[in-house]
Amino acid sequence: MRPILSIAATTVGEAIRRRVLLVILLIGVLFIVVAPGLGILSARSETTVLRAFMLGVIQGVSMIIAVILTVYMIPNEIERRTIYTILSKPVQRWQFLVGKYLGAVLSLLLMMSMMSAVMGVMFFLQQQSKNPGEIADLLKGPAMYFIQMCLLAAVGIFFSTFLPPLVNFFLSIGVFLVGTFFNPLFQTLQENKNTAPMVKLIAQGVNTFLPNFANYNVQNPIINPTQQIQNEGRYFLGVTVYGVVYISILLIIGILIFDRREV
Amino acid sequence: MKQKTSPKLLIALILGFIVQGALQRAVIFDLWTKNYNPGKGKLLSNAMSPDQILAVLGGFREITAGILWVKADSFFDQGNYDAILPLIRLVTMLDPNEIDVYATGMWHIGYNFTDEEQRSDRRYIPSALALGKEGTLHNPDTYELFFEEGWMWYHKIDDDYDNAVKWFLKAQERPDMLPARKNLLGMAYQRTGEINKSIDTYYRLYDQSLKQFANEAAFSNHQNRDTLEGNLDNMLVRAVQRGYVAEKDGRPLNGYDVYPPFDVGFSVKATVVEPRVIRFEGTWNVLPVGTRIRAVLRDKDFPGAHGAELEWDARDSVNLDPPKDQTFMQEQLFVKNRRFNKKVDMSKDPTMYPFTKDKYVLEFYYNPRSAPPHIQDKFGWSGQGMTDKNFINTDVRKNQRVVYATLELTKDQILRYGEWVDKTPIAKTANYHESNSDSGSNDDVILKVPSLRSGVGGK
């Protein structure tokens, strides 16, 4: 366990020192700070727009950070030849990969927590809300986005075991978009009577086996609180377990590939 | 460094795939569809720019909706109303749970499309209602859009009040409805002529307001209680004075305010003074101010049009492009000193009044249910105290006595084509008599102030 934690801690340190990530984070924080200005501009929907904008910024910025953070992880280590130094010590390849992943997750946690904290403060200042439940409800969004980004980071790490960074960048974003879009598309296909049974079957297969990022887009009832949500706790538990299982799958396949790779 | 694949890892992998697939299919997908899918499975049309589509694909529907709504607001400020409609539609597609966008959209479609003289384009109203209906389907847990739908019937359409009642009742079924807004159901019941239900509603709401005030002595609760007390008092007094109680008990109406019925003496003349400009002049023997007679000019074959109205509720889908080849003009003729005189200029808005058909109908309609209380005191809620030698009508509205008259014009007459280039087209009721007194010149002179209650016309 110690090698994994050491590698994770080193990875967090590297992430914090990477200027490109800090600039993206800074832009995200700035957007959240100016968000109340956008809310004022919109007729009758100040709070709705404020919530939508702040949550959207956190999700978007986190997505970029998650991808940039992970696509370079393995290729950079190989390119700089630092991987030889690490693997020459009593560190297994799987420990190296898991450590790198944990480091990415901790970095994401740090950066997303910062954005969420700024969001909470700005929302409080804007709304003058004395109800802590309102801010707690708002934070459900970033909490789910965090699991979503952990899953995206796992996709990035998985691809980084055998793909160069640029290809990985676009592929990871592509998987994220497909994984986000597929739930509504699948629902449409299922409800459409004209869809051929074979197409429905293929859609069902894809929807079952591709990582489903749409599961974590829980922002709609947070932005529009008049909706009544059924079995929220069960849902959150379900998607958390789903995320953990899928991340494990990706890491296991990544380990299998990385084990066979000549470095 | 190469290692053999561990069978345990492979088994874990297969198990992992099965577990995640089962979770996705058995637990997550249904709950996601019910709770978190804003579009309820509807894919968008190609009405967005590529960057917006990308944002939608990426799950950023709400932020895209928010930004579009901010943009729509800037168009409001610029008065660029045409540009707002597609944005409203797009926002409601992106995030159908944005109640305020639906409510604002309904108001905008129903109220803001007007001609140069601020007459609403009534062809849009079915779409405004359809947008509200769509909103209620997406947001069944909150009262707001049910209330807005009722308000559109009650205030904008100002007719067929049973629809207002229907939607207000649905709104009241929702627990989040504001107490003060519930009172409107009592008003709507008056306009459907269901006076007993109106009184029952006020009693029920009054009891609730007493409990609310006992629980929390807030100013709003105090105010609501007082408002309801006043409404109930007025209602009971009016129910007696207007003979409702007597009628219900089977007693004669002699001695009550609605008896004998008052002859309003309606007559009208429509003169096409210029192409697409019509002057309406006529008589209405009610001296107290507050009468507005509805005048409609429409295609004779306008689909679904009858009795000075459209089939407002005909649409279930929103159409932002109303029929551009159909004409439907609606105006209120304000009565002063027992006459009305109004020039309606339709020449500046050819898209609103295209006049593409050959034949047109002019409809004149007066319904006491829309009248102010001081006139209803004489006419009653359903026109029991009103009559007209020529135009009283009990067919165009069920269980109501209304005044209804029709005239006809042709396209050539309205546009002053052909033989009408030099001749002035005039359409008038048989009982219309030219008067020396022009209502425009003696507006401030009140000759006699007859009592409506006495039944004397004061002519």
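The model is predicted, so to speak of local features pLDDT must be at least 70, side-chain atom pairs count only at pLDDT 80 or more, and totals for chains, interfaces and linings use all residues. Residues are numbered from 1 along each chain as its sequence is written, chains are lettered from A in the order in which they are written, and side-chain values use heavy atoms, with hydrogens and water left out.

**The interface between chain B and chain A**

- On the chain B side 54 residues are in contact with 66 residues of chain A, where contact means heavy atoms within 4.5 Å.
- About 5,500 Å² is buried between the two chains, and carbon and sulfur atoms give 62% of that area; buried area is the accessible area (1.4 Å probe) that two parts lose on being put together, summed over both.
- Q20(B), W32(B) and Y36(B) supply 12% of what chain B buries against chain A, more than any other three residues.
- Eight residue pairs, both at pLDDT 80 or more, are in polar contact between the chains (a pair of N or O atoms within 3.5 Å; within protein, one must be able to donate a hydrogen and the other to accept it, and residues adjacent in sequence count only if both atoms are side-chain atoms).
- The count of salt bridges between chain B and chain A is zero, a salt bridge being a side-chain nitrogen of Lys or Arg within 4 Å of a carboxyl oxygen of Asp or Glu.
- α1 (7–35), α2 (50–57), α3 (61–78) and α5 (99–111) of chain B each give two or more residues to the side that touches chain A, with helices (H or I, at least four residues) and strands (E, at least two) taken as DSSP runs numbered from the N terminus.
- With 19 residues, α1(B) gives the most to this side of chain B.
- By class, the side of chain B that touches chain A has 25 nonpolar, 16 polar and 13 charged residues; Ala, Val, Leu, Ile, Met, Phe, Trp, Tyr, Cys and Pro count as nonpolar, Asp, Glu, Lys and Arg as charged, and the others, Gly among them, as polar.

**Cavities**

- There are two cavities of 30 Å³ or more; on a 1 Å grid over the protein atoms alone, a cavity is a set of points where a 1.4 Å probe fits but cannot get out, and lining residues have an atom within 4 Å of a point.
- The largest cavity has a volume of about 40 Å³, a volume being the space filled by probe spheres set on the grid points, which are joined across faces, edges and corners.
- Residues lining the largest cavity include P179(B), K182(B), L205(B) and N224(B), and α10(B) gives the most to this lining, with four residues.
- The second largest cavity holds about 30 Å³ of space; of its ten lining residues, the closest to its centre are A52(A), G56(A), Q219(A), E62(B) and I63(B).

**The largest pocket**

- The largest pocket has a volume of about 570 Å³, a pocket being an open set with protein on both sides within 12 Å along at least five of seven lines.
- Of the 24 residues that line the largest pocket, R122(B), H155(B), D158(B), R292(B) and Q332(B) are the closest to its centre.
- The largest share of this lining, four residues, comes from α7(B).
- Its lining residues divide into seven nonpolar, nine polar and eight charged.
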